[in-house]
Structure formats: C-alpha cells, structure tokens
Amino acid sequence: MDSSAIALGAPQITSSDDEELDEEEGEVIESAPPLQIGEERVLGSLHIKKKMLELVHYVGTLLDGTIFYSTRDKSEPVTLTLKVDEVRAPRGLGHCIMTMKKGEIALFTLPVDQGYGAEGYDNVPPNSVIQFEIELFSWIDVVDVRRDGGIIKKIIEKGDKNGKPSDLDEVLVKYQVELLDSTIVAKSPDQGIQFCVNDGHLCPALPLAIVSMHPGEKVKLIVQPQYGFGEEGRSSSGIINAVPPNSVLNIDVLLVSYKPVIDVVGDSKVFKKILRDGEGSSVADDGATVTVSYVAKLEDGTIFERKEVGEEEPLVFVTDEEQVITGLDKAAATMKKGEKAVLKISPEYGFGNVEVQRDLAKVPQCSTLIYEVEMLDFVKEKTPREMNNEEKIEAANRKKEEGNLLYKNQKYQRAAKKYNKAADFIETGKFEGDEEKQLKALRVSCFLNAAACSLKLKNFRETIILCSEVLDIEFQNVKALYRRAQSHIEVGDLISAEMDIKKALEADPENREVKSLYKTLKFAKAESDRRDAKLYANMFALSKKLKVVAEEEKMATNIETTEHSNEQSS
C-alpha cells in the first residue's frame, strides 16, 4: 500500500454501500499474539504503546488529560492520509493505524519523536508525550500508479481479484473527466467505451491506470498534466471540451470488463482475443484432433469461408500437421473446450503472398485474415503414460516415419519435433529381450535424425547434445561422432572435434566422410594458429612500443629534474 485514506471517528451506522465493500485488514506489524481488552504493549523499536479498549472516540490528549483534538462532537468520522508529513496527524499515527483491524478501538501512547516533536503543534506543547484513542471504521487504498506522483489512484470499490488487463487486451471502460473546478471535460457513453490498451484512449493516464485495475473496480484518479493533456492543454473537439494548459484532472473510472488478447506465436503475427473462456484449464496442444466452427473474413468484412454448426459441417483436423493455415493451427492448439475467440492472422501465417480461391470468395495475396472461432471439442493425443509397450513402439515408429517425410521435404524444424516426440514415447517403460533391442535401435535412429535436422538448422549446440545421447547408448557410433565433430568445429571447439574424429577413425578407419572432415579440421587448426600468431605478434609489438614510450618519458623526466637542480645551484 503506497498510501491510504483512513476514516476515523466515533461509532456510527455506515451506509449499505460501505457495508458491501470487501475491505481487508490493515498491515499487521506486530508479531506478538492479539491484545486482550485492557492489555497494553509496546510496538517494536518505535516505543509507541498500544492498549485495547472497549469503546471511545478518536481523541488526542496530553498525559495530564488535556484534550487537544477530538471527534466527540463530530457527526462524521475524520478522513486523513497516512503520510509522515500529514499536517494535523502526528508522525507515528500511521504506524498506529497500520496495526488495527476494521472496527477495532485502541489507545496509543506516542513518544515525543513519534508525536509532534520538539516544536509541538497548536495546543500541544513542545516535547510532549501524547495519547490517541482511535476507532478504525474503514480505509480506501491509494496507489501511486507510476511512482512519481503523476497518477494517484483512490480505490472506491474493489473488483474481481481474478486478473488484470495487459497491454494487448481490449477493455470496456466507463469514465468521467473533470477539472479541479468540477468542470466536466469528457464523459464516456452510458454503456461505456471499448478500446485496446495498447492503442491508448483520451490521455496517457487512462491506459496506465487501467492495467492496474481488476474488472468491476471503481477508482478516482488525480492526474498531473504530464499524464493528462500536458503543458499545451487541448481545444474543444467532438465530445471532449477544452482543457486549459497544465491542468490537473480528476477522473472517475470503472473497468467494466476486459477481453484477454494473446500473442499466440510471440512475434505479433497471430493475435487471439478471447470472447468467451472455455472449460477448465486444459488446452488442445499439438497433435490433438480438434473440432471447430468458424467464420473466416478479410479485414473489410468479406466472408471467404464458413464452417458452422447447422449450416456447414464443423471442421475436424489434427493440430501441428499442416492441415489448415498455420495461424489457425497454432491458435487452435491454445484453446480450451467451449472457448470462443477472434483471431487476427498476418499473411505470413495465412495464405502468404499468393491469391487463393476459397469456398465463398477469393483471398487476395498478402491478406490479413480474421477468424471467429469456437472450439467445439478436442481429443488429445495419448501420452506415453497412457500407453502400453506395444502402443509406445507403434507411436514412436509412426512419428519417426512422419519425421522422415518432413525431412525429405526439407521441413527440418517440424521433422525434428517428430523425431524428439518419437524418442519421448519410448523413453520410459519396462522393455525386455528383443523388444529392448528394438527400442534401443529406434532411440538411436531418432536422436541421429534429430541431430541431422539441427545441423541443417545450424543449431550446433543442440546437435552436440543429441549426438551425446546416442553415444551414451553406443559409444562408438560413427555417425554420432562425425556429426558431433562437425558441430564442435562450427562452435570453435577444435580440441573436442579432433577427439571425436580420432574415435570415429578407430571404429571405421576407411570412412571417407570422417577422413574428409579430418582435413577440414587440420585446415581450421592452421587458420586458428595463424590468427593466434598474428594476435601475439601484435600484442608483443604493442608491449615493446609501450616500453619504449615509458623509457622515453623516464629519460625526459630525468633531464627536467637535472636542469631544475642546476638552475637552483646557479
């Protein structure tokens, strides 16, 4: 809590609105058990004493009983802000209140340094120990949104605690903007206004405050000019009235709701706006058989394809199998059963730079696509834990063959995923006899093929890891030694490369590919030696030059010293 507005005073009946507030307890700074009625305790190193009482008002007294402040005759509680420099409140009052719960009544004794100090205040003499009887009715959280005093947020009604909007999300907001003299500058329509947080709206303060709010939360903002309309203000236009230069704004804001927007791939090319959340937490994932209904449009609203229940058969496809455009494929893998969403798909994940004829219209080249999608159902691919040994072997062989086909078509990234998944299927389980030998060979084959994909993708570190997996199973596997040596050369580890090549030649002395790689290694070592020699020569030359310069400076200093001594002698 950056700061809080606290309501203090004599007991009174609160309004129904106050009773509905979901207020939390204040920060507890005592580590001891709760006080009993009449019990007194010192609070930590501040030397403030707290005593639990049965009744009373907010009354400040000196130790001799002289009252210097009281709410006894007031009809409403006092509201103040917990700040050290609060004009009326003594320094330690904030520490006192933060130990209290709603409805608690307590007597606090404040030492001089936590009261009004050596200066005193009004009816309080200098160097006075003072006492406060306090009843805490409620508080309003106050947050410094940007931690620079530019946007102060007072929470009037707390919202749903299950999330806040992010920069990508679309929000529905109601607001009213006033100047300090209560002149209304702008007001949202009665039904509220929708906008994407990233796009901004009205003034910089509004989206900055909204990402700190929960749905249903109602706040008052005090906005300094740098987060409002700045030094220049703004002239009247449309629904916004004129704002004078350097105006401080008061903005009442209600975050009605928001629709989460997800960057599906992480490169801002496929966005998913969730219109309706789905069931539970399980999503389709790669390899799931999904059933979706959708309406596909161009940005101008032209519908080019429709797969809806009742009109057309819903679409059934397997994710991560290139059966639909990539954007729809990747988004579907993130959806829950029953989820409804709008997808915005860039051309790179749609139909690219070609014109395509679909069921209802042509899709021009380089078109951004809009899909309104509902996930009707999905069936996930079985996990290895859900399979018996026979099913694991069958699944692993199937994934390997799928990987081989992708590799032939030069789709190395997707092929590698298939090989790795095949290896995962047979990583665990109890296999014996011929079954164990079969799986050993299958695992070696999957790791070697995945390593070949990584080499093509120039992912040399991954290649080294995969080849090492093979060598853990077969320590003299020539292909694994050869591919690992290739990768070691690429990353500059020539010593490890030479070790792998020598091991490969021990296992297969006549292997032409390994011999050719050995020549490549020798050339790389010669180049490395030449570079090192040149580097050392340059370093030696520089060192020699610095030494000569140092000697010359030393000689010059000696000459100056001698001349100075001769001048003094004469």
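Biologist: At what angle do helix α5 and helix α6 pack, and how far apart are their axes?

Modeller: The structure is a predicted model. In this model, helix α5 (residues 389–408) packs against helix α6 (residues 412–425) at an angle of about 165 degrees, and their axes are 8 Å apart.

Biologist: At what angle do α7 and α8 cross, and within what distance do their axes come?

Modeller: The axes of α7 and α8 cross at roughly 165 degrees and come within 8 Å. That makes α7 roughly antiparallel to α8. As for handedness, α7 passes α8 in a left-handed crossing.

Biologist: How many residues does helix α7 have, and what length does it reach?

Modeller: Its span is read by setting the distance between the end C-alpha atoms beside the value expected at 1.5 Å a residue. Helix α7 covers residues 433–456, which is 24 residues, and reaches 36 Å from its first C-alpha to its last. This is close to the expected 34 Å.

Biologist: What backbone feature is found just after α7?

Modeller: Just after α7, K458 takes a positive phi of about 60 degrees, although K458 is not a glycine. The residue lies in the loop between α7 and α8 (460–473).

Biologist: Which other residue has a positive phi without being a glycine, and what is its value?

Modeller: L202 has a positive phi near 65 degrees. Its place is in the loop between β12 (193–196) and α3 (205–210).

Biologist: Does K458 count as buried or exposed, and is L202 buried or exposed?

Modeller: The cut-offs are under 20% relative accessible area for buried and over 50% for exposed. K458 counts as exposed because its relative accessibility is 62%. L202 counts as buried because its relative accessibility is 18%.

Biologist: Turning to the strands, how many bridges join β10 to β14, and how do these strands run?

Modeller: As a general idea, side chains in a regular strand alternate between the two faces of the sheet. In this model, strand β10 (residues 170–179) and strand β14 (residues 249–259) run antiparallel and are joined by 10 bridges. Within the pairing, Q176 stands opposite D252 in β14.

Biologist: How many bridges join strand β13 to β14, and what is the bridge partner of K218?

Modeller: Six bridges join strand β13 (residues 218–223) to β14, and these two also run antiparallel. The bridge partner of K218 is L254, in β14.

Biologist: How far apart are L107 and E133 in sequence and in space?

Modeller: Residues separated along the chain can be compared through their C-alpha atoms. L107 and E133 are 26 residues apart in sequence, yet 4.4 Å apart in space, C-alpha to C-alpha. L107 is found in strand β7 (residues 105–110). With a relative accessible area of 12%, L107 is buried.

Biologist: How many disulfides does the model have?

Modeller: A disulfide is a covalent bond between the sulfur atoms of two cysteines. Taking a pair of cysteine sulfur atoms within 2.5 Å as the criterion, the count comes to zero disulfides.

Biologist: Are the cysteines C96 and C467 buried or exposed?

Modeller: C96 counts as buried because its relative accessibility is 0%. C467 likewise counts as buried, at 0% relative accessibility.

Note on methods: Residues are numbered from 1 along each chain as its sequence is written. This is a predicted model: local features need pLDDT of at least 70, side-chain atom pairs count only at pLDDT 80 or more; totals for chains, interfaces and linings use all residues. Side-chain values use heavy atoms; hydrogens and water are left out. Two strands pair if DSSP finds at least two bridges between them. Helices (H or I, at least four residues) and strands (E, at least two) are DSSP runs, numbered from the N terminus. The expected span of a helix is 1.5 Å times one less than its number of residues. Buried means under 20% relative accessible area, exposed over 50%, partly exposed in between (1.4 Å probe, protein chains only). Axes are lines fitted to C-alpha atoms, for helices over the stretch in contact, and angles run from 0 to 180 degrees between N-to-C directions. Angles under 35 degrees count as roughly parallel, over 145 as roughly antiparallel, 65 to 115 as roughly perpendicular and the rest as oblique. A crossing is left-handed if the near helix is turned anticlockwise from the far one by less than a right angle, and right-handed if clockwise.
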